[in-house]
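Dear colleague,

I am passing on the structure below, and after it you will find notes on what came out of going through it. Please read them with the structure open beside you.

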Amino acid sequence: MTLDPALLARLGPLQVRARKVMEGVLTGLHQSPVHGQSVEFAEHKEYAPGDEIKHIDWRAYAKLDKYYVKRFEMETNLRALLVLDASGSMAYGRGAMTKLQYASVCAGALAYLLARQGDQVGLCVAGDGGTSEGVREFLPFASSPTHVQELLRMLEGSQGKGPTLLPAALDFTAEKAGRRALVVVLSDLFDATEQSLPALKMLRSRRHDVLLLQTLDREELDFPFDDPTRFLSMEDDRQIEAQPRQIRESYLVEMRRFLDAAPDRVLLKLLARREAA
């Protein structure tokens, strides 16, 4: 999925951009606008007065000469939790939009789509919010139009700042998601602790469906710099001066290794800050 940042920027506020993306790109991903309910067999229990007769397992009765009732787990509509990385590196963008703005548009479009289908959607904004959970804001699951508007307001107000606290936020997400849910993570995965990928795998091990939308700038992928450059970290005070031509090959090798390590990724084009020396 490739969305032109310049075009999205001209569409106006986040609500307009998100709705446009949803209508033009994401509509039709599901065959039915409403999932409805289905049943999945869970276990047997011995029949007791008041149980539904239609759920009696007659095959079990034939074998055991006792009445047993089938129990079912009800599968409700999809529950999706959007996890937005609002760390400092997500705030960069030399073009029309920053990585954070671009990721917010995608998150808003998904929220529109899910709510329109009758699915429940929640939002977790990961960042330095003064808590050990690494969560700046959290909005529980719901699907009403008012809820979507509140979610969009939170996305619009998100600011990229501070260190990456995505691993802690994903631990928080695992707790809040409860039973199996769709977890959509929007991040550049620039994590100095290298714990983000293990945290994503942890969510999968808990049977959540995990989708990673990795936001990167084309310059991060191609490294087209030529002049002597001072590269500045947007999450701490680190900086380095380098000759791009001398390090391009090794940088691209390392970037490819980094990308290959990310599971189920969708690359969305955006960046990491740099200043000319």
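**Strands, a helix and cysteines**

Strand β6 (residues 182-187) and strand β7 run parallel and are joined by 6 bridges, where two strands count as paired if DSSP finds at least two bridges between them. The bridge partner of S187 in β7 is Q214. Helices (H or I, at least four residues) and strands (E, at least two) are DSSP runs, numbered from the N terminus.

This is a predicted model, in which local features need pLDDT of at least 70 and side-chain atom pairs count only at pLDDT 80 or more, while totals for chains, interfaces and linings use all residues. Residues are numbered from 1 along each chain as its sequence is written, and side-chain values use heavy atoms, with hydrogens and water left out.

Strand β7 (residues 209-216) is largely enclosed by the rest of the structure, because 6 of its 8 residues are buried (under 20% relative accessible area, with a 1.4 Å probe and protein chains only). Helix α4 (residues 99-116) is mostly covered as well, with 16 of its 18 residues buried, and just after α4, G118 takes a positive phi of about 90°.

As for the cysteines, C106 counts as buried because its relative accessibility is 4%, and C124 is buried at 0%. A search of the whole structure finds 0 disulfides, a disulfide being a pair of cysteine sulfur atoms within 2.5 Å.

Best wishes

Notes
Buried means under 20% relative accessible area, exposed over 50%, partly exposed in between (1.4 Å probe, protein chains only).
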